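Please keep the two chains and their coordinates at hand while reading.

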There are 2 protein chains.
Amino acid sequence: MTAQRIGILHPGEMGSVVAATVRNSGYEVCWASEGRSQRTRARAENAGLIDAGSLANLCDTCRVIISVCPPEFAADLAEQVLGRGFRGIYLDANAISPAHKQQIGARMQAGGVRFVDGGIIGLPPKSRGQTWLYLSGEHADSVACCFQAGPIEVEVIGTEVGKASALKMCFAAQSKGSIALLIAVMGAAEHLGVLEDLRRQWTRGGPALDKSEGHVLRSAPKAWRYVPEMHEIAATFEAAGMPPEFHQAASEIFDMLREFKNTDPASIEEVLTKLREFR
Amino acid sequence: MTAQRIGILHPGEMGSVVAATVRNSGYEVCWASEGRSQRTRARAENAGLIDAGSLANLCDTCRVIISVCPPEFAADLAEQVLGRGFRGIYLDANAISPAHKQQIGARMQAGGVRFVDGGIIGLPPKSRGQTWLYLSGEHADSVACCFQAGPIEVEVIGTEVGKASALKMCFAAQSKGSIALLIAVMGAAEHLGVLEDLRRQWTRGGPALDKSEGHVLRSAPKAWRYVPEMHEIAATFEAAGMPPEFHQAASEIFDMLREFKNTDPASIEEVLTKLREFR
């Protein structure tokens, strides 16, 4: 019966959709409420997750643990799980560089844990075909069965830890990097007194950039979380022989928007006003 | 009669469309063949331009001179025109930072030249409504009449030297910056062994990125010229309180593609092969 139990750390916005996918696929899903916020607790209850109470108890009762957390906590969370004596399969689905993921994987495998690399591409989905969990590593196939029923789609892309992370890093490098670039362009244009001229020129080339303004607005509440992700991408690029500066700059931009944490700006102008504070 | 003569430096690919627009608008257009390539000479003859022979003669016979050249030659070209005793209206339509343009403008105005800032956005156009020449500066209106009949569209956006350049810099920051970012992303993905996975994921989000691959191919033959433009954009961003690193990275990417000068790569793979030489 414990073979059917899957643990999730932590059921945040994305984590709860991952958990829902695992439940839909026929498994019981546990979480550990100790030290978690009221908001996370409410989300876990709504999602029908079983509260294992402590992390230690979660590690005792689950054969598979899935980690979904902000990138800067990934290593520490893995360490905690290892420290609680966990010896099952650990899926680290966090947005960190392949090298960083391999480091964590090596430590866990040395401690007797079977480690799987994961990368999630897309927003928390409402239906199938929107968001993919990519898996790689020797034991990837043995966790893929936990994600058969959606809404998250699953795909195994290799037997090597680092591949799923590499794909995640490259995808986010383009999607988030281009949003950061756009924010910087608009910030510069505003400062130089040509923002309205630029917008008019953009409409002359078609409506593509109008859509991008929507991406800017949706990125602001998550900018605080993108800062460490941009550092991971910069490290990924550097290791791959590409200039890391794009995403160093992107991390600066998202850092300027840090205060929007979990609150939606009303307009692009509100985003630009925030940038002005840093001049 | 000399009031009707407009000089163009130099009738390259974009310069000859600028010249054609001026001719269509009812002016005689001169150029100076001394020291120019056979290719430029053929282009100027095809466009029906009058050869003034030397730069000194061009400066003597034209009341308006238009400068369209790679960004790194803009200051030197203006200096040469000033040195030949030119005292008419000088339109600098090159892709340089507002501060750089203002420096050139200040030197020319101190020498008795009426200076107009220009920024060209778009490819050399075949028909109207594709490419804009933005003008700014006190004397902008007095040259706008030279561009009434297309194919290039003209628009005066202010009385201040620097505004037209600022608009050009911001537009190119987004368009060329995002292409450079895309090239770097594909270079990293290839190195990490996930390029095909990334392309598949891109098609899952819709066809937008496929279109971008065409932009990459079209940018390669011009990459050598984008390198100094990226430095100008980085300087523009820094002066506007935005991170210059995006375009420092973009200049590195375009520099790696420098050898494609005026030759089209057959495929994205050929572009990526070139990047590999720099690892």
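Domain bounds, as used here, come from an automatic or database domain assignment. This is a predicted model, in which local features need pLDDT of at least 70 and side-chain atom pairs count only at pLDDT 80 or more, while totals for chains, interfaces and linings use all residues. Residues are numbered from 1 along each chain as its sequence is written, and chains are lettered from A and ligands numbered from 1 in the order in which they are written.

For chain A the assignment gives domain 1 (2-160) and domain 2 (166-276), and the C-alpha centres of these two domains of chain A lie 28 Å apart.

The contact between the chains takes 41 residues from chain A and 41 residues from chain B. On the side of chain A, two or more residues come from each of helix H7 (163-191), helix H8 (195-204), helix H10 (223-239) and helix H11 (245-256), and H7(A) gives the most, with 17 residues. That side of chain A divides into 26 nonpolar, 10 polar and 5 charged residues, where Ala, Val, Leu, Ile, Met, Phe, Trp, Tyr, Cys and Pro count as nonpolar, Asp, Glu, Lys and Arg as charged, and the others, Gly among them, as polar.

In chain B, 8 strands form an open sheet of mixed pairing, in the order S3-S2-S1-S4-S5-S6-S7-S8, two strands being paired if DSSP finds at least two bridges between them. Strand S3 (50-51) and strand S8 (153-156) of chain B stand at the edges with a single partner strand each, so one side of each is left without a neighbour in the sheet. Strand S1 (residues 5-9) and strand S2 (residues 28-31) of chain B pair in the parallel sense over 3 bridges, and Gly7(B) stands opposite Cys30(B) in S2(B). Helix H1 (residues 13-24) of chain B packs on this sheet, touching S1, S2, strand S4 (64-67) and strand S6 (114-121) of chain B.

In chain A, 3 bridges likewise join S1(A) to strand S2 (residues 28-31), which run parallel, and Gly7(A) stands opposite Cys30(A) in S2(A). Strand S1 (residues 5-9) of chain A is mostly covered, with 4 of its 5 residues buried; a residue is buried if 20 or more other C-beta atoms lie within 10 Å of its own, exposed if 12 or fewer, and partly exposed in between, with C-beta atoms placed from the backbone.

Back in chain B, Tyr134(B) is found in strand S7 (residues 132-136) and is buried, with 27 other C-beta atoms within 10 Å. Leaving aside neighbours within four places in sequence, the contacts of Tyr134(B) include Gly118(B), Glu155(B) and Lys168(B); the C-alpha atoms of Tyr134(B) and Lys168(B), 34 residues apart along the chain, are separated by 8.2 Å.

Finally, among the buried residues of H10(B) are Tyr226(B), Met230(B) and Phe237(B), and just after H10(B), Gly241(B) takes a positive phi of about 75 degrees.

Notes: Two residues are in contact if their C-beta atoms, placed from the backbone, lie within 7 Å. Axes are lines fitted to C-alpha atoms, for helices over the stretch in contact, and angles run from 0 to 180 degrees between N-to-C directions.
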